[in-house]
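My entries follow the order in which I looked things up.

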Amino acid sequence: MRKPFVAGNWKMNTDSRSSVELAQGVARGASGLAGDRVSVALIPPFVYVQSVVRAVSSTGVAVGAQDVYIESKGAFTGEISPAMLKDIGCNYVLCGHSERRHVIGESDELVGKKVMASLGGGLLPILCIGELLEERDAGQTEAVVTRHLETGLAGLSVDKMSAVTIAYEPVWAIGTGRTATPQQAQEVHEFIRGLLADMFDKKLADEARILYGGSANAGNAKDLMAQKDVDGLLVGGASLKVDDFVKIIQAAA
Ligand code: PGA
């Protein structure tokens, strides 16, 4: 049985006060569920990670970072290492979010190195993959997802891979209000699981958690979660409101 997983990607939102209030509100609303029946992670901007870690300490809610660098320390101005995140109580990290790939310009290869470095530093990576609208329209969804998985997971043993979560986020659905239909999500999730079986083995593929992301909200969470291969949700906009995010956690549980 795969435990459902709901993660809230706050992106470049909140401030020092609202991040703590949001974290406390979610921990309160999800108590009895978070950690037990559903894995829950909050993913604030770097500068608020530590205060969010404190705000949710001894609740079942975990904390993640939105990005990480590939080296453990040294002359890399502006970057944050896996060891630093681990040091302040952060457990998860997003690797290859579409905004990092398409706005900041991260390559597939760099994303793969981030997954590897995160695992080396004891973090649990959430590898984000997904196609652009023009790629979907051109029938390239499976090719893009395959490329993202093969480069993102390059060189990982089955053992290491078991610590990785996959998030399928079609770029055309992110922040657009245009959610993939549950059937569209299921189709790609099933394809991803098959690919994981080919790349690693069937047992690992059966146990791997594959999240859907892209305009997931309190209204559509249940239908998305009802799909056989949808194991959780990576939520952007709707993770910024306590009530909405708690409803999504409840739907997942
Ligand atoms: P959204 O963002 O829920 O606002 O579409 C999802 C994501 O980018 O992870």
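Before starting, I wrote down the rule for handedness: a crossing is right-handed if the near helix is turned clockwise from the far one by less than a right angle, and left-handed if anticlockwise. I also noted that this is a predicted model.

Entry on the helix pair. I looked up helix α7 (residues 141–152) and helix α9 (residues 182–199), which pack at an angle of about 45° with their axes 11 Å apart. Angles from 65 to 115 degrees count as roughly perpendicular and those under 35 as roughly parallel, so α7 is oblique to α9. By the rule above, the crossing of α7 and α9 is right-handed. I then listed who makes the contact: α7 gives T141, E142, V145, T146, L149 and E150, and α9 gives V188, F191, I192, L195, L196 and M199.

Entry on strand β1. I asked how many of the five residues of β1 (residues 5–9) are buried. The count came to five of five, and I noted the strand as mostly covered. F5, A7 and N9 point one way from β1, while V6 and G8 point the other way.

Entry on the neighbours of β1. On pairing, I found strand β2 (residues 39–43) joined to β1 in the parallel sense over five bridges. N9 has I43 of β2 as its bridge partner. Strand β8 (residues 232–235) also pairs with β1 in the parallel sense, over four bridges. There, F5 is bridged to G232.

Notes. Residues are numbered from 1 along each chain as its sequence is written. This is a predicted model: local features need pLDDT of at least 70, side-chain atom pairs count only at pLDDT 80 or more; totals for chains, interfaces and linings use all residues. Side-chain values use heavy atoms; hydrogens and water are left out. Buried means under 20% relative accessible area, exposed over 50%, partly exposed in between (1.4 Å probe, protein chains only). Helices (H or I, at least four residues) and strands (E, at least two) are DSSP runs, numbered from the N terminus. Two strands pair if DSSP finds at least two bridges between them. Axes are lines fitted to C-alpha atoms, for helices over the stretch in contact, and angles run from 0 to 180 degrees between N-to-C directions. Angles under 35 degrees count as roughly parallel, over 145 as roughly antiparallel, 65 to 115 as roughly perpendicular and the rest as oblique. Contact means heavy atoms within 4.5 Å.
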